[in-house]
Amino acid sequence: MRWPGEVPELGWSRGGDRRVSVLAYGVGLGFRAVGERHCVGARGNVCPLGAVVPGRSTGGRCVECARLDRAHSVAADTMADDPRAYRVYLAWFGPGMVKVGITGEERGAARLREQGAVAFSWLGRGPLMAARRTEEVLRAALGVPDRIPYAKKRAVRGQLPGPEERAGAVAELYARAAALEGRGWPESLERMPLEVVDQVGVFGLDRAPDPDPDPGRSVREGAPAPVRAVQELVDGGVVAGRLVAAAGPDLHLAVADGSVVVLDTRLITGWDLTSVTRAAEATGSDVRVPLIDIGGGGVQGGLF
């Protein structure tokens, strides 16, 4: 799943053929998993082992391909001579959940959408190592992490405060970060002005499933909290529903019982997928894979 703009896209491949599905809120989405899940390779290369990977792995790669993929990433700090400009950002995911990170300037806000940041602001721009140094200074001085588990983000996504509180949280973090300028902040990093970007509308979190969906009408306001998430796919397992929201790698699907189930699309990489059965197509929603409660309660396992 990718966020090249403000609309999510799913990329598919079959052999050398590749295509993209642009997703739309309120539209049905479904598939059936077939066979075994195989490693997706690294950096555009096919896994030489054709390794089978666990269904619950969000990486979708075997150990060797995962190592190769990370070795060439910005996070591995192996690109010190990278001439491109980078930006430092401050991101808010929910009450008490803020982080600092960096991204290539040419990517714009794609990284923030990929992480599911509900609101964010740029802090500064400059060379890679200056951006990395600033990130480390802020993490240590402000006590904020460089990553937040997706499970925690999902747990609060359906109970977000209003836009004023979201913007205020980002502005407060920005003020604390800006106060550190000159104290470990690299001179080559240019500070950018505070400009809070709220992505609730982009993610569709201000929308909800219509109990009697009509393709000619948009869904109504007021998003319900997702209560369950897909734990893993299995051979023959079906996931189908009506897309009501998306954030980061997650798709929020309204299903037959009126609830919302979250599918982390990182779990579908490496699977062969086929269209759902006619029965699922007729009802518009069907989920027959292991699920887990988002709130950390009991697990509902098996096919059902």
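This is a predicted model: local features need pLDDT of at least 70, side-chain atom pairs count only at pLDDT 80 or more; totals for chains, interfaces and linings use all residues.
Start with the interior. In soluble globular proteins, nonpolar side chains tend to be buried together. Here the largest nonpolar core holds 53 residues. Within that core, Leu-138, Val-230 and Leu-233 touch the most other members. Val-230 shows what such packing involves. Beyond its neighbours within four places in sequence, Val-230 contacts Val-239, Val-261, Val-262, Leu-263, Leu-267, Val-289, Pro-290 and Leu-291. There is also a second, separate core of 12 residues. Ala-91, Phe-93, Trp-122 and Ile-148 are among them.

Now look at Ala-117. Ala-117 sits in the loop between helix H2 (110-115) and strand S6 (119-127). Yet Ala-117 is buried, at 0% relative accessible area. Leaving out residues up to four places away in sequence, Ala-117 touches Ala-91, Trp-92, Phe-93, Leu-112, Gln-199 and Phe-203. Lys-99 is 18 residues from Ala-117 along the chain, and their C-alpha atoms are 9.5 Å apart.

Next, the cysteines. The whole structure contains zero disulfides. Cys-62 is in none, although the sulfur of Cys-65 is 3.7 Å away.

The charged side chains form 18 salt bridges. Some are local. Glu-64 and Arg-67 pair at 2.8 Å, N to O. They lie three residues apart in helix H1, about one turn of the helix. Glu-64 is partly exposed at 49%, and Arg-67 is partly exposed at 48%.

Others reach further along the chain. Arg-87 and Glu-105 meet at 3.0 Å, N to O. Arg-87 is in strand S4, while Glu-105 is in the loop between strand S5 and H2, so this pair links distant parts of the chain. Arg-87 is buried at 19%, whereas Glu-105 is partly exposed at 23%. Arg-166 and Asp-198 meet at 2.7 Å, N to O. Arg-166 is in helix H5 and Asp-198 in strand S8, so the pair ties together parts 32 residues apart in sequence. Elsewhere, shared partners join Arg-154, Arg-157, Asp-250, Asp-264 and Arg-266 into one salt-bridge network.

Finish at Arg-43. Arg-43 is not a glycine, yet its phi is positive, about 55 degrees. Arg-43 lies in the loop between strand S3 and helix H1, and is partly exposed at 44%.

Conventions:
Residues are numbered from 1 along each chain as its sequence is written. Side-chain values use heavy atoms; hydrogens and water are left out. Helices (H or I, at least four residues) and strands (E, at least two) are DSSP runs, numbered from the N terminus. Buried means under 20% relative accessible area, exposed over 50%, partly exposed in between (1.4 Å probe, protein chains only). A disulfide is a pair of cysteine sulfur atoms within 2.5 Å. A nonpolar core is a set of buried Ala, Val, Leu, Ile, Met, Phe, Trp, Tyr and Cys residues joined through side-chain atoms within 4.5 Å. Contact means heavy atoms within 4.5 Å. A salt bridge is a side-chain nitrogen of Lys or Arg within 4 Å of a carboxyl oxygen of Asp or Glu.
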